[in-house]
Amino acid sequence: MPIELGPVDWIVVEFPGSTFNGSIAPEITSLVDRGLVKILDLLILMKDADGALEIAELSDLEDGELGELRAFETELATLLSEDDVISAAEAIEPGSTAALLVWDNLWAAPFGASVRHAGGQLVASGRIPVQVLLAAIEADDTEGA
């Protein structure tokens with residue numbers, strides 16, 4: 001049976017002032033339940049006021065901090081090296097908590113398999129941050145007014 005994999009993405013989502021409480025879990029659960037993504041890795045990164053980094057697995061945290069995220073714990077793989085995690089954590093401001101999330105885009109797996117079967121390969125990809133898109137839309141609205 002051929003393996004169908006979609007593109008694998010990762011993000012670091014920062015919660016300034018360490019306000020992370022797991023309230024993002026229902027939307028992640030919805031994406032998983034609809035078969036759009038598969039969560040491959042999920043870490044919680046915490047920086048104290050001096051910038052010292054603490055890396056936590058879901059099993060290291062209290063249920064109250066996680067919300068429904070605990071449900072993904074048994075399905076997770078460790079894909080990122082410690083160096084990868086430390087490098088990603090450089091974007092986090094001191095005194096903040098962040099979620100580092102890695103997922104497989106299951107919705108794109110059939111397309112990826114089709115490209116591979118046709119002899120094609122991915123040679124470049126990118127992502128435009130939401131903040132950049134919103135700024136561009138706002139600028140267009142301001143120019144049009």
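K47 is found in strand β2, which spans residues 38-47. Strands here are DSSP runs of type E with at least two residues, helices are runs of H or I with at least four, and both are numbered from the N terminus. Keep in mind that this is a predicted model, where local features need pLDDT of at least 70, side-chain atom pairs count only at pLDDT 80 or more, and totals for chains, interfaces and linings use all residues. Residues are numbered from 1 along each chain as its sequence is written, and side-chain values use heavy atoms, with hydrogens and water left out.

Is K47 buried or exposed? K47 is buried, yet it has no salt bridge. Buried means under 20% relative accessible area, exposed means over 50%, and partly exposed lies in between (1.4 Å probe, protein chains only). A salt bridge needs a side-chain nitrogen of Lys or Arg within 4 Å of a carboxyl oxygen of Asp or Glu. For K47, the nearest side chain of opposite charge is E14, 7.1 Å away. Lys and Arg count as positive here and Asp and Glu as negative, while His and the chain ends are not counted.

What lies 2.7 Å from a polar atom of the K47 side chain? It is the backbone oxygen of I92. Leaving aside residues up to four places away in sequence, K47 touches several others, among them A52, A89, I92 and P94; contact means heavy atoms within 4.5 Å.

Next comes the strand pairing. Strands β2 and β3 (residues 53-56) run antiparallel and are joined by 4 bridges; two strands pair if DSSP finds at least two bridges between them. The bridge partner of K47 in β3 is L53. In the β2-β3 hairpin, 5 residues lie between the strands, and G51 takes a positive phi near 90°.

Of its 15 residues, F20, I39, L42, I44, L69 and L101 touch the most other members. Such a core is a set of buried Ala, Val, Leu, Ile, Met, Phe, Trp, Tyr and Cys residues joined through side-chain atoms within 4.5 Å. At least two residues of this core come from each of α1 (25-33), β2 and β4 (97-104), and β2 gives the largest share, 4 residues. A second, separate core has 8 residues, including L43, V85, A89 and A98.

How many salt bridges does a search of the whole structure find? There are 2, shown here:

| Salt bridge | Closest N and O atoms |
|---|---|
| D9 and R127 | 3.1 Å |
| E27 and R34 | 3.7 Å |

D9 lies in strand β1 (residues 8-15) and R127 in the loop between α4 (109-117) and α5 (130-144), so this pair ties together parts that are 118 residues apart in sequence. D9 counts as buried, at 17% relative accessibility, whereas R127 counts as exposed, at 54%. E27, at 48%, counts as partly exposed.

Strand β1 also holds I11, which is partly exposed at 28% relative accessibility. The C-alpha atoms of I11 and A98 are separated by 9.8 Å, although these residues are 87 residues apart along the chain.

Finally, the whole chain: it has 5 helices and 4 strands, in the order β-α-β-β-α-α-β-α-α. Buried residues make up 29% of its 145 residues.

Definitions and conventions: Polar contact = N/O pair within 3.5 Å; in protein donor to acceptor, adjacent residues only side chain to side chain.
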